[in-house]
Amino acid sequence: MSEIICPYCGTSNSPDADQCRSCHKHLFVEPSASPTPHTSADDDWLNSLRGDTHPLPDDEPAQDESPAGSEDEIPDWLARIRQRTQEDTLEQPAGEAAEPGEELPDWLKEIHITDQSQTGEDQPADQTLDDIPLPDWLAASASPSQPVEDAIPDTLQVAAEAQAEPALEEGDLPDWLSALPQPAVEEQPGEESALTGEEPPDWLKTFGSYADESTPLEETPAAPAGDEWLKSFESFGEAAQSEEEGLPLLLPLENDQAQSVEMPAAEELPSDAAQMPVPSSEDWLASLSAGEQTPAPEAEVEPSAVSGEDWLRSFAAYTEEALPQADTPVPSGEDWFKSFEPLPVEQELPASAAEEELPPFEELSVSAEMQAEAPPFDLPYSQEFPPLEEMESSAVFRVQADESAAPEEEADTAPFISDDLPDWFADDQLLDTLHEGEKPAAEGETSLEPAELPGWLQAMRPLEAVAPGRAGNDADQRVETSGPLTGYQGVLPGEALVTQYSKPGIYSGRLHVLEKQRAYASLLENLVAEEKIRQPAPAERSAAPRLLARILVSALIVVVVLAFLVGGFTAVGLPGLYAPESVSFFNRIQALSTSADTTAPLLLAVDFEPALAGEIRTAAAPVLEDLLSNNIPLVILSTNPTGAVLAEDLLSTISGYNPDTVLNIGYLPGGSSALAALASQPRLAAPTDRDGGFAWDRPFLQGITHLSDFSAVLLLTDNTENSRAWVEQVAPVLGETPLLVIASNQAAPMIQPYIQSGQVTGMLAGLPGFAAYQQLSGSPSPQAGYWDAYQAGLMLIVVLILLGSLFFIGRQFSKPKSEKRN
Amino acid sequence: MDMDFIWTAVAFFLTLLTLSYLLGDNPLFRIVTYLFIGVSAGYVAIVLLNQVILPRLVAPLIFGSPAEKLLTLVPTLFSLLLLFKLFPRLTALGNPSMAYLVGVGAAVIITGAISGTLFGQIRGTIQPFGLSTAPDALQASSQLIGSVILLVGTVSTLIYFQFSARRKANQQVQRAGMIQLVAGAGQVFLAITLGALYAGVLAAALTALIERFDFLRTALQSMLP
Amino acid sequence: MRAPLSTALAIAVGIIVLLGAFLPVPTLQPIRQTLLSWAIPVAATAGLVAILNLLGVHWRKLNNPRERDTYSILLLLGFFATFAAGLILGPSNPDFQKVVTHIQFPIEASLMGVLTVSLTYASIRMFQRRVGWMSILFTASTVVFLVVLSGFLTVGESIPLVKDLLAALNTLPVAGARGILLGIALGSITTGLRVLIGADRPYSG
Amino acid sequence: MIEAIIALALILVSVGLIFLLTLQRGVLRTGLRPLPAFDRLRRAIGLAVENGTRIHITLGRAGVAQSFSASGLVGLTTLERIARVSSISDRPPLATSGEGTLAILSQDTLRAAYRQINQLELYNADRARLSGATSFSYAAGLLPVADSENVSTHIAVGNFGPEIALLLEAADLESSFTLAASDSLSAQAALYPSAQETLIGEELFAIPAYLNAGAVYTASLQVQDILRWGVVVVLIGGAVLTLVGVI
């Protein structure tokens with residue numbers, strides 16, 4: 001038990017924790033948790049109960065009960081209990097407590113009604129209209145001799161009623177969850193009142209039987225224990241083959257408190273064992289190993305309450321055998337105690353119960369027997385696999401349901417196996433327990449012959465009349481195909497089902513820690529571990545050395561560039577070979593500047609960022625100079641906000657710049673849609689110049705209606721996308737008009753394809769293109785130092801890249817494989 | 001002159017501070033960065049106002065002919081709706097405007113891609129195979145070789161990007177061996193292309209650096225007596 | 001479906017503009033043109049809205065006690081100074097243009113210059129991240145084209161076969177670039193079509 | 001004229017195929033070839049969510065009305081996808097862009113993503129912002145993001161210039177994971193050595209499909225492949241026909 005899963009919020013807690021560290025609820029009530037309240041509460045509670053209790057009326061009173069009943073009235077003892085429990089359970093959040101009160105599933109309400117009437121029998125008969133189910137229930141308990149067969153038809157009917165409920169309930173799952181503590185509430189007082197209320201020994205016996213059927217509830221561990229149990233089974237070897245052999249093993253583990261706690265548990269053992277002995281034995285094994293203890297006073301309660309000689313006799317007789325189970329009731333005591341917490345909120349319940357439609361009073365009163373079965377029978381159906389805590393409580397009724405309504409199980413389970421099972425169901429303990437529950441049963445049935453029943457078990461025979469035997473027979477008929485419930489039934493009789501439903505918190509916690517959760521945890525650990533292992537990979541490269549290396553590279557480049565730029569070093573020299581696109585560019589420009597028709601303007605598309613202005617301005621200056629010197633009108637248009645300014649700034653530096661022959665349309669927003677518009681209707685796309693005046697009334701623009709009317713389109717671009725946009729949008733409509741490009745080096749390679757495809761007529765690219773144009777036009781050599789610094793810088797970069805690459809490649813190959821992978 | 005001097009000094013120091021990033025991130029560089037973002041945003045805002053909003057929305061609405069006013073009404077409406085994007089609660093009101101832009105953009109994307117790139121590049125790849133333009137056999141053969149290299153490169157690069165692949169028995173998704181082979185060739189061309197582009201970018205950046213150093217030098221000369 | 005009106009609008013506008021580009025229907029052309037021209041001021045307004053947003057972000061950064069970004073004040077100052085100057089002087093005023101020529105230009109060009117170092121250093125460190133034959137090929141190609149761009153090979157016509165070598169070298173990147181361009185065109189087509197069929201609705205906020 | 005018809009046919013066929021392959025997913029029994037970059041991206045996203053660090057997606061500077069804005073649209077889809085995946089993180093993702101329309105669309109996308117997972121309260125307009133109005137101010141605006149916003153993963157999907165290398169370098173100094181994809185070739189070239197993972201060229205358009213954004217994205221990727229083969233056939237066929245002088 002490395003950890004305990006909190007039954008409320010699912011948080012895993014350390015095994016020694018008694019409170020959940022996230023929701024602060026008790027994982028299981030230990031004496032350490034709040035010892036005094038337990039004892040005092042129990043005693044007082046008992047006294048108060050005794051004080052309040054009168055001989056329980058038989059069927060008659062139940063039937064005589066008059067409709068006029070005030071639901072709000074609460075038995076004084078109950079009120080007292082509330083006060084105490086309020087004090088005891090301060091940590092219970094008010095909101096949480098309030099929730100159940102608001103909207104409770106019908107079955108809960110019924111239980112509550114039962115509780116009300118059970119616990120408040122001393123109240124005037126006219127009080128409890130809503131309490132009808134309860135007196136019947138009690139009546140049922142009062143007449144155990146009533147053959148179960150008689151009950152079946154009625155139960156059938158009630159089962160039919162119950163059919164509707166699951167659908168009705170499916171919506172309120174949250175409420176169920178919030179109402180978890182409730183059921184426990186209902187059950188225990190029910191028992192208590194029964195215990196205290198009825199004296200007749202025969203009744204007592206049957207009560208014993210009820211107690212038996214209710215106590216197994218606390219034994220849920222048995223069934224869910226599935227695989228675990230199997231393991232323990234194998235580990236025990238022969239010891240586990242039969243109870244007798246198994247028990248001695250277990251004896252040393254029992255504690256006296258537990259032993260003295262609840263004889264009913266012992267009594268029930270045979271019937272339980274008959275069905276699935278090993279699980280039950282394993283169950284207390286599990287719980288024992290958890291080392292849980294029961295508050296002594298609480299333990300005393302029930303025996304003292306049940307003042308029956310045969311009780312005691314059985315107690316005396318079967319203490320030994322009872323030991324294995326002895327501890328399991330303990331939680332029931334806990335549940336029972338815990339169950340009082342929500343009570344304060346429940347005063348509304350009867351009211352709400354009254355609102356909902358109950359079977360007509362006559363019907364109820366007529367057959368006490370039916371009703372006796374009815375509420376219990378309802379419960380299992382009306383709730384669609386409620387959370388474990390819930391089931392635990394309703395289990396006492398479930399028992400009867402399983403006994404009497406066994407045949408209906410098949411049909412009835414169907415509605416529960418709906419796809420929209422609540423989330424908690426889908427992946428939570430219950431589902432697991434359902435499946436795992438089967439294994440022990442299968443095991444149990446094969447491994448234990450009825451004949452092997454121990455002697456003390458034989459003594460319990462009478463009890464079988466009321467319960468499990470029949471269910472066991474039914475189980476044989478059922479096939480394990482139709483879903484979870486069959487999973488129970490096919491494997492275990494009533495007790496098996498019953499045993500699904502108790503001590504969820506502790507149990508599920510252990511079960512999952514042992515099985516899946518541990519696996520998941522380890523899986524997660526591995527995953528996290530992997531991540532952790534890989535983390536260092538980036539971490540190991542701390543920034544400092546990288547910064548240093550970068551600074552070193554910077555220093556080298558700066559020094560070399562400055563040396564050649566300022567220092568007057570000269571590099572190799574100017575190119576003597578020119579790229580074909582540069583040549584065609586030059587030819588076009590020459591053709592334009594020398595052509596007779598200089599009226600047709602040239603569209604200067606300025607599309608470069610300030611970032612590359614240096615490069616482009618350098619390359620474009622001589623070209624523009626040639627154009628301006630021949631008075632070729634220019635229409636400047638920019639597809640970025642700064643282009644127009646840069647262009648004007650550039651032109652202003654060029655000799656022969658005449659503003660009259662230059663129209664600056666300015667920024668053409670809208671990107672390529674604007675270009676598309678410009679391509680089809682220039683006048684509409686760019687109506688104004690950058691000062692807001694109408695652009696197209698200039699003399700040299702008179703004949704211009706399409707872009708193809710321009711003498712040429714000269715694009716100054718620094719990035720591949722804009723040049724693409726220009727080529728894609730504008731080139732198609734240009735016809736014979738050449739599209740010339742002065743591009744930055746970074747854009748040049750991407751314009752190459754367009755040159756190849758003829759969409760771009762010619763191009764000058766960066767400094768090399770500039771140098772080529774200079775050479776071709778035979779004008780003076782480029783700015784001193786630029787070309788040299790450029791060549792030197794590039795060479796330095798080449799050297800750096802080569803050296804660096806070689807260094808790192810060498811290091812990579814010298815690394816061991818594992819490092820490489822990381 | 002005085003103003004020019006101040007402006008030159010401003011440019012000089014801004015250049016210097018920005019180049020300080022060569023030594024890594026530092027507060028001076030941060031200052032320049034934020035200033036730069038603010039100034040460029042301010043400039044763009046002014047340009048948008050003066051060269052787009054005013055002439056294309058405001059002016060036609062005020063001085064335009066009825067027809068122009070009518071035509072301008074729609075973009076004005078869209079623009080006004082966009083202003084709701086400033087208010088988190090009403091932001092959804094601006095969606096139609098964005099939808100309009102996205103719709104236009106999608107159409108422009110497709111138009112450009114098909115008529116610009118697709119047709120253009122296909123034509124550009126095919127045309128060189130028309131050897132009739134080549135003056136002599138030698139030219140023709142070299143042109144043919146070049147064209148074949150281009151074709152192979154283009155096709156293999158295209159195929160390299162092939163995403164769909166067959167599922168193997170072992171659930172591994174892998175392209176057919178033949179495609180893998182061609183894709184390998186495409187990868188070679190890709191690497192070469194990217195390398196060429198990278199060289200171009202480096203050259204452009206270096207040119208910019210040189211130009212800046214040159215500016216620093218001239219500015220220093222002009223500022224120093 | 002989210003934003004049905006917007007989606008319908010986007011699809012309708014997109015289809016009209018698209019068909020207008022290819023269908024030789026005379027009535028479609030002016031409609032297409034109008035739709036395209038409408039987009040421009042709307043996009044500009046979007047730009048202004050986004051800038052206001054940017055200012056808002058930095059204003060909040062400035063006033064955010066938890067992660068205060070004091071530099072934001074510079075951004076705001078820079079913006080308002082420029083904006084005010086632009087409003088007063090007008091965008092075509094030579095003095096206002098100094099904002100571009102003496103503030104933006106120096107800073108951007110310097111950043112581009114800084115990129116020289118960043119890129120050089122990045123290509124050096126590339127092999128620290130991944131050593132593959134493609135990386136090696138990439139570096140080799142970079143080096144070769146740097147040499148070509150430096151013009152060493154083109155100095156004079158002395159070196160034989162250089163011309164053919166250069167021609168061949170210049171063809172290689174074109175092939176790859178063409179493949180990439182075609183691929184991107186295909187991707188752009190499908191992306192645009194996704195918008196036109198309403199599968200992509202980035203505007204449905 | 002012929003081109004117009006071909007174009008229209010191409011568009012119609014593509015639309016039809018996209019619809020077909022979206023509705024009939026099994027038609028082509030093909031999967032998507034593994035791209036290691038996406039494995040690392042998924043891991044990085046997982047780590048970011050685990051460590052409560054931020055994921056930064058930058059969408060480039062191409063306005064939606066531009067012909068090369070396709071990459072921006074892909075970036076927006078990526079943003080939506082990642083916003084959903086990382087919605088459980090302490091720090092929701094951050095989206096930056098260099099253009100107005102893109103910035104607004106990124107806000108809309110974030111908003112839509114959170115609304116769809118019923119966590120609209122997570123939406124904060126400041127988490128989708130314009131970082132600068134021009135290319136370089138955009139890049140400069142990204143630098144502070146790299147070291148001041150507790151970002152552990154940078155995803156650059158969109159159209160930008162080589163200046164994006166500045167962001168990647170800054171991110172590298174912070175040892176953040178960087179994945180970059182752009183339709184700009186100069187950017188791709190700059191990104192290839194700078195980013196830890198680079199998606200080359202067309203791979204950009206595969207991001208949504210590889211992030212399981214939906215059937216339509218896988219379908220359009222398959223359509224892309226079909227068109228690709230069409231183009232290949234046209235290229236080779238055209239070349240042969242031109243060579244023999246038919247065209």
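This is a predicted model: local features need pLDDT of at least 70, side-chain atom pairs count only at pLDDT 80 or more; totals for chains, interfaces and linings use all residues.
In chain B, the secondary structure amounts to 6 helices and 2 strands. Read from the N terminus, these elements follow the order α-α-α-α-α-β-β-α. Chain B has 225 residues, of which 61% count as buried.

Chain B has a mean pLDDT of 89, and 98% of its residues reach 70 or more. Within chain B, helix α3 (residues 66-83) has the highest confidence, at 92, whereas strand β2 (residues 173-174) has the lowest, at a mean of 76.

The interface of chain C and chain B is considered next. The size of an interface is often expressed as the accessible area that is lost when the parts come together. For chain C and chain B, the area buried between them is about 9100 Å², and 84% of it lies on carbon and sulfur atoms. In chain C, the residues that lose the most area to chain B are C:W38, C:Y71 and C:R178, which together account for 8% of what that side buries. In terms of contacts, 101 residues of chain C meet 103 residues of chain B. Across this interface of chain C and chain B, the rule finds 0 salt bridges, while 13 residue pairs are in polar contact, with both residues at pLDDT 80 or more.

Several helices of chain C contribute to this contact. At least two residues each of the side of chain C that touches chain B are supplied by α1 (4-22), α2 (28-63), α3 (72-89), α4 (94-129), α5 (133-150) and α6 (162-196) of chain C. The largest share of that side comes from α4(C), with 25 residues. By class, the residues of the side of chain C that touches chain B comprise 68 nonpolar, 27 polar and 6 charged.

Chain B also touches chain A. Here 39 residues of chain B are in contact with 50 residues of chain A. The two chains, B and A, bury about 3600 Å² between them, and carbon and sulfur atoms carry 68% of this area. In chain B, the greatest losses of area to chain A fall on B:Q51, B:L206 and B:I210, together 15% of what that side buries.

On the side of chain B that touches chain A, at least two residues each come from α2 (27-63), α4 (95-126) and α6 (177-223) of chain B. Of the elements of chain B, α6(B) gives the most to this side, with 16 residues. The side of chain B that touches chain A consists of 24 nonpolar, 11 polar and 4 charged residues.

D:Q196 is placed in the loop between α7 (185-194) and β7 (197-199) of chain D. Because its relative accessibility is 11%, D:Q196 counts as buried, the cut-off for this class being under 20%. A polar atom of the side chain of D:Q196 lies 2.8 Å from the backbone oxygen of D:S176.

Definitions and conventions:
Residues are numbered from 1 along each chain as its sequence is written. Chains are lettered from A and ligands numbered from 1 in the order in which they are written. Side-chain values use heavy atoms; hydrogens and water are left out. Contact means heavy atoms within 4.5 Å. Buried area is the accessible area (1.4 Å probe) that two parts lose on being put together, summed over both. A salt bridge is a side-chain nitrogen of Lys or Arg within 4 Å of a carboxyl oxygen of Asp or Glu. A polar contact is a pair of N or O atoms within 3.5 Å; within protein, one must be able to donate a hydrogen and the other to accept it, and residues adjacent in sequence count only if both atoms are side-chain atoms. Helices (H or I, at least four residues) and strands (E, at least two) are DSSP runs, numbered from the N terminus. Ala, Val, Leu, Ile, Met, Phe, Trp, Tyr, Cys and Pro count as nonpolar, Asp, Glu, Lys and Arg as charged, and the others, Gly among them, as polar. Buried means under 20% relative accessible area, exposed over 50%, partly exposed in between (1.4 Å probe, protein chains only). pLDDT is the predictor's confidence in each residue, from 0 to 100.
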